[in-house]
Amino acid sequence: IASQQVQRLETAMCQRRRWPVGVFEQFLATHPLLRHLVQRLVWGVYRVEGEGRYGGELLATFRVAEDGSYATAKDDEYTLPEGEIRIGLPHALELPEADAAQFGQCFADYQLQQPFAQLGRESHRFSPQEAEQEKLIRWKDRIVPTGKIMGLTSKGWRRGEAQDGGGIWYYTKDIGNGRLIELAFDPGIIVGMTDEYPEQTLQELTICPQSGNRWQQTKTDAFATLDTIVASELIREMETLIS
């Protein structure tokens, strides 16, 4: 259960998920199990338009102390502001450098080990040439075990629709705003016979609309249209896939 919740929180950070204060306090900060994970992470206060559950503007950062109180990066007492705010896990790319350094020292002083990489998380970016492309081929022709492709589901990816003969030749990941990242591979995964092809050869990645018939879609977007955090996490996941 703990490992599932760690993955859930890491995914929430990467997808920039935000919670209302009441939900955060009841189901995260004071939850009998999750509070032990919550206390080892840096949290952010966000201004999100309307009833939005993602993104927003980072207003402040804090941590949850062992006694359930909130503290700043300097370990001063912190009170959540009033009003329509949301709580979320700041990604390293949006954390102010001073806050990241101070929280890092604070966690070290209290011997708190983060359940996943948040502070100091490595960041990545596309080359200028890659950013302008609609098909990303950096990892094309790399051979990876089929099991590692299937393991992408733990990172928020979903397997594509089975085609003739029960073959699956692509995985997708929802990146919001009605768009998907699609990763193609050969020779494919056969439903019910996943050991038929123990290895897969990666093909290109594309950004495509979420709705409609995949085989009739002609519109794709350049990778420069990706949010910097989404782009960094995509590269990180792909590098992990081929390692």
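## Exercises on a predicted model

The hairpin of β3 and β4 has 5 residues between its strands, and Gly-68 in the turn shows a positive phi of about 90°. The model under study is predicted.

**Exercise 1.** Determine in which sense β3 and β4 pair, and over how many bridges.

*Solution.* Step three is to name a residue pair: Arg-63 has Ala-71 in β4 as its bridge partner.

**Exercise 2.** Identify the bridge partner of Tyr-46 in β3, and describe how β2 and β3 pair.

*Solution.* Begin with the limits of the strands: β2 spans residues 43–47, and β3 spans residues 57–64. These two strands are joined by 5 bridges in the antiparallel sense. Within this pairing, Tyr-46 is bridged to Leu-58.

**Exercise 3.** Describe the protein as a whole through its secondary structure, its extent and its burial.

*Solution.* Count the elements: the protein contains 7 helices and 12 strands. Next, consider the extent: along the principal axes, the C-alpha atoms fill a box of roughly 60 × 35 × 30 Å. Finally, apply the cut-off for burial, under 20% relative accessible area; of the 243 residues, 44% are buried.

**Exercise 4.** State how many positive and negative side chains the protein has, and how far apart the centres of the two sets lie.

*Solution.* The count gives 26 positive and 35 negative side chains. The centres of these two sets are 2 Å apart.

Key
Residues are numbered from 1 along each chain as its sequence is written. This is a predicted model: local features need pLDDT of at least 70, side-chain atom pairs count only at pLDDT 80 or more; totals for chains, interfaces and linings use all residues. Side-chain values use heavy atoms; hydrogens and water are left out. Helices (H or I, at least four residues) and strands (E, at least two) are DSSP runs, numbered from the N terminus. Buried means under 20% relative accessible area, exposed over 50%, partly exposed in between (1.4 Å probe, protein chains only). Lys and Arg count as positive and Asp and Glu as negative; His and the chain ends are not counted. The place of a charge is taken as NZ of Lys, CZ of Arg, CG of Asp or CD of Glu. Two strands pair if DSSP finds at least two bridges between them.
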